[in-house]
Protein chains: 4
Amino acid sequence: MTMKKGVMRPGHVQIRVLDIDEALVHYRDLMGLIETDRDAEGRVYLKGWTEVDKFSVVLREADTAGMDFMGFKCVSEAVVDQLRGELAEFGCAIEDVPAEELKDCGRRVRFTAPTGHNFELYATKKQTGRYGVGNHNPEAWPRDLTGMKAQRFDHCLLYGPELDKTLDLFRTVLGFDLCEQVMTPDGKRVAQFLTVGMKAHDIAFIDHPEPGKFHHASFFLESWEDVLKAGDLISMTDTSIDIGPTRHGITHGSTIYFFDPSGNRNEVFCGGDYFYPDHEPITWDADKLGKAIFYHDRVLNERFLTVLT
Amino acid sequence: MTMKKGVMRPGHVQIRVLDIDEALVHYRDLMGLIETDRDAEGRVYLKGWTEVDKFSVVLREADTAGMDFMGFKCVSEAVVDQLRGELAEFGCAIEDVPAEELKDCGRRVRFTAPTGHNFELYATKKQTGRYGVGNHNPEAWPRDLTGMKAQRFDHCLLYGPELDKTLDLFRTVLGFDLCEQVMTPDGKRVAQFLTVGMKAHDIAFIDHPEPGKFHHASFFLESWEDVLKAGDLISMTDTSIDIGPTRHGITHGSTIYFFDPSGNRNEVFCGGDYFYPDHEPITWDADKLGKAIFYHDRVLNERFLTVLT
Amino acid sequence: MTMKKGVMRPGHVQIRVLDIDEALVHYRDLMGLIETDRDAEGRVYLKGWTEVDKFSVVLREADTAGMDFMGFKCVSEAVVDQLRGELAEFGCAIEDVPAEELKDCGRRVRFTAPTGHNFELYATKKQTGRYGVGNHNPEAWPRDLTGMKAQRFDHCLLYGPELDKTLDLFRTVLGFDLCEQVMTPDGKRVAQFLTVGMKAHDIAFIDHPEPGKFHHASFFLESWEDVLKAGDLISMTDTSIDIGPTRHGITHGSTIYFFDPSGNRNEVFCGGDYFYPDHEPITWDADKLGKAIFYHDRVLNERFLTVLT
Amino acid sequence: MTMKKGVMRPGHVQIRVLDIDEALVHYRDLMGLIETDRDAEGRVYLKGWTEVDKFSVVLREADTAGMDFMGFKCVSEAVVDQLRGELAEFGCAIEDVPAEELKDCGRRVRFTAPTGHNFELYATKKQTGRYGVGNHNPEAWPRDLTGMKAQRFDHCLLYGPELDKTLDLFRTVLGFDLCEQVMTPDGKRVAQFLTVGMKAHDIAFIDHPEPGKFHHASFFLESWEDVLKAGDLISMTDTSIDIGPTRHGITHGSTIYFFDPSGNRNEVFCGGDYFYPDHEPITWDADKLGKAIFYHDRVLNERFLTVLT
């Protein structure tokens, strides 16, 4: 059942960047995210313009690129308490992060998934409303958006081991559903796309021997035309491109991949299938993995297998 | 909370048409719905190609046009039982419709809302899978779609009295959220758009003195280009148009309205805002109703107020 | 034959506006034309970003709105000389406008067509190149465009008498072709769309008893999505809309009509058929005029018949 | 000047295919060209649905793939006579092909360009009108189109030596203009894009040591969304893809490249810049060739250099 455990959506991702000013030119000026705050540690907070909460992306300057953690927003603090208990029972390492460790965000319950990634649950974050349009007679969009006009932080794709156990955790404890999967002939699930709402994926995992690897953070665009213009902007700004514009087989979304100046991979995409909890998972055969990932080329480019620590 | 009561989505609508063959030319050949079955009463069953269940539209030949009922699919028969009790307690008139009254559909619990419309809850319907693509290495879309290529039955807009009480019913008993509303200066809600998932609306009501009025049944398209082509097809087939292509202020979806040969209004649209349960309702002032409904023209066309019994 | 007489394209239009500052908010900030200069008389010069010449729109503050004249660029001064002679021979009143009457524009030969409109021929205008991209390794588009991002001045639609004689003038003297026409059952041409290149129309006339009437000046957009966003911007800026987004039957372009603050009608559109000189004219029956003009609604809105002196 | 010598447009291309039935599945069912006739030699004639003439593509079964010739339509037989003389004077080898060698096509003057490619001039071909819509109250498009719905044969890209001399031929004798070029630092033109109308290119050449090489034949689509669907169809039909969807730097059109079953490369594309004869050529530096050809990737894929004999 959708949201059967009270987890609502991907709420934020904290990304490490090598140079915060260069990163802002990328995430704010090129991708069009809205800068909403900075904190005493020098972290910068951003959001897509359609997002109601104050931020969904946190950039932290560090010596290595990669993802620190991804957070899911829950409907209530009671849900966070409840799930904290279930996570511990499941055997996850848990860290309690106090309120205001992220500015204007309540306490978070951080845990490590079997794939080696850090996730968080939280229920409280300041709501500043949709950027530029608000809730009262809202116009269709704000006139002062820039660059790719990214609408919202959408999902992450992560690489790591223990996909079965991780699926069990996300399904049983957190109430996610398995929307789509890639299976080998001998029944091993090598990729799994999980949703906690109606989107084709809120979090996705690909099987990988090393734990905690970061493939990409993804942002939603309005249209296929915006994907084209994203590609144009990537070229105009001499930004490193990975692949696209193209379509995914899995989710059928239309997409382009590229890299921030620190080497973190980003996706902007549009469209994609919808999900309801009575939908059977969609299954791709592992020998169709190329088509499943990049529907037009039907082969993986070499870089697809490159991930960050 | 999304789906807090176990109602998943709009599952079907039964529409009365004056001539079943003419209606099929409209719903199947023009709108591109897939005909999936007929029954002994002569009713015809159709679905959008992305829908997993066997049907979402039932056409019934009758002497007057209009909507017989709209049904919501629930996650389980237990939920249907539970909600049946709560509906009765709320004071709704309830009718138990036996399994197979609609072919390949389980028992339904029919109730009348304060607005005078008939709704149903059910949990069981034969799943035939996405038309032409299925669940195994699915292609992006089937090659043999026709006309407008409507993807799914999306929602209905209904006119009637007692909006407050109806909102209470849908919120309290059925677990819907109020996504968007139109308010008069003295605080009367004259339009309400409700969702039970992430869509901007699954059912909408406009205040009207007469109960049980039908404004339109709406179907989802992939893109604004498909809305243009829908308009083209409307013209090519001498179909009666209402308004569009245009955008709605409410939901911000892009749309076209037209009539079936019996006078039932249809909408096809794309895009639209998304909803999460921590979103405050969006409010439009009643003196902005024109802009709220038709964002570009900013006035209601006269026909907008025309509804069927 | 295309350009058989050396006339290349619509090169400029001079429009009268009641308030030049309000007009600039409209043509520059809303429509996205680039302001390129002003002159001692207070006229403002603008262009679409893809246009190579310095300007294509001249706004002149005056007590009444309307079009002063429309100019066509020729391939050489010799062509202008040659056509000046042929225009005189045809019987047109001719006025020689000296170089620099429009800043950075060479001498112009002004003449009055049988419909009562003032047109000009010229061959020399300063070329400032495509705005923001130029001719050397040009990017796909400039990043600092605003509003509707109008790409170029495209054509005008004018109302007046004597369509046959005007067609004869444009065909015989100026080398235009008749691309599309609307004919009454008794063989009267009530609308004619003329081209001097491959576009579906460079100038169009509709039969009207009063001479010299101005219907609209039209500007080209890149896509149907840009037409939607034009409609959005019209609403956001409380600009008076006429009709659209919709498609024309004639030319099949996709379009929206609206008014500048002085009451001049503008069009922005995309797409449209192409023309070669061996194409037979396309003919619409006058009883299909509604569909010919507004393909989806298939009726003329009342405002369509409103024109300026 | 546009069409200063009376050449109108690319009129046809004859392509060699290894198996005519497989080729038809590709060009007719996948690309959506309309089959209009076959001849006694077994050649099959096709056209894009917007084209007025009877055919623009001729498929000939042969032992090797490649292009036999490309033909340009002229405005009159007198023009063909005149240009035949000028071609001979220029030093081209000329072959007179009698009327009806291609069914329903008049006599053709065939000549070999310095690059080693065979071209033809002709003025007479049966006109069957736009497929499915015609010239009288034409609908926006025919409802029975299939596959990619290719609108027209647009241009070819050819590889060979002697670009300067070929440019001289096309400019001086045939009245083409140089729209866009790629130049080495020492002033050698390594790519040239020529137009005889308002399109960004009607024929293009890339410098190559071997004469007479065929890179691709290109067809026009309506929109970027149609380019996406072309990519989808390529995948659905297991057609060999080359690259795309992407944008070109040169012409700025949006494109996808793929191969017919015989190995001939096809392009379908939309958009692209427009040209007038007073436009200076656009110049790309040779060290920007990757970006000039594939604007997003900014590198040539290896296959780009693969051409057919």
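Chain B and chain A bury about 3800 Å² between them, with 51% of it on carbon and sulfur atoms; buried area is the accessible area (1.4 Å probe) that two parts lose on being put together, summed over both. This is a predicted model, in which local features need pLDDT of at least 70, side-chain atom pairs count only at pLDDT 80 or more, and totals for chains, interfaces and linings use all residues. Residues are numbered from 1 along each chain as its sequence is written, chains are lettered from A in the order in which they are written, and side-chain values use heavy atoms, without hydrogens and water.

**Chain B against chain A**

- In this interface, 42 residues of chain B are in contact with 42 residues of chain A, contact meaning heavy atoms within 4.5 Å.
- Six salt bridges are counted between chain B and chain A (a side-chain nitrogen of Lys or Arg within 4 Å of a carboxyl oxygen of Asp or Glu).
- One of them joins B:K73 to A:D278, with the closest N and O atoms 2.7 Å apart.
- Between chain B and chain A, 28 residue pairs are in polar contact, both residues at pLDDT 80 or more; a polar contact is a pair of N or O atoms within 3.5 Å, where within protein one must be able to donate a hydrogen and the other to accept it, and residues adjacent in sequence count only if both atoms are side-chain atoms.
- On the side of chain B that touches chain A, β1 (7-17) and β17 (282-285) of chain B each supply at least two residues, and β17(B) gives the most, with four residues; strands are DSSP runs (E, at least two residues) and helices are runs of H or I, at least four residues, numbered from the N terminus.
- That side of chain B has 16 nonpolar, 11 polar and 15 charged residues, where Ala, Val, Leu, Ile, Met, Phe, Trp, Tyr, Cys and Pro count as nonpolar, Asp, Glu, Lys and Arg as charged, and the others, Gly among them, as polar.

**Domains within chain A**

- About 2700 Å² is buried between domain 1 and domain 2 of chain A, and carbon and sulfur atoms give 77% of it.
- A:L30, A:F90 and A:T115 supply 22% of the area that domain 1 of chain A buries against domain 2 of chain A, more than any other three residues.
- Zero salt bridges are found across this domain interface, while 10 residue pairs are in polar contact.
- β1(A) gives the most to the side of domain 1 of chain A that touches domain 2 of chain A, with eight residues.
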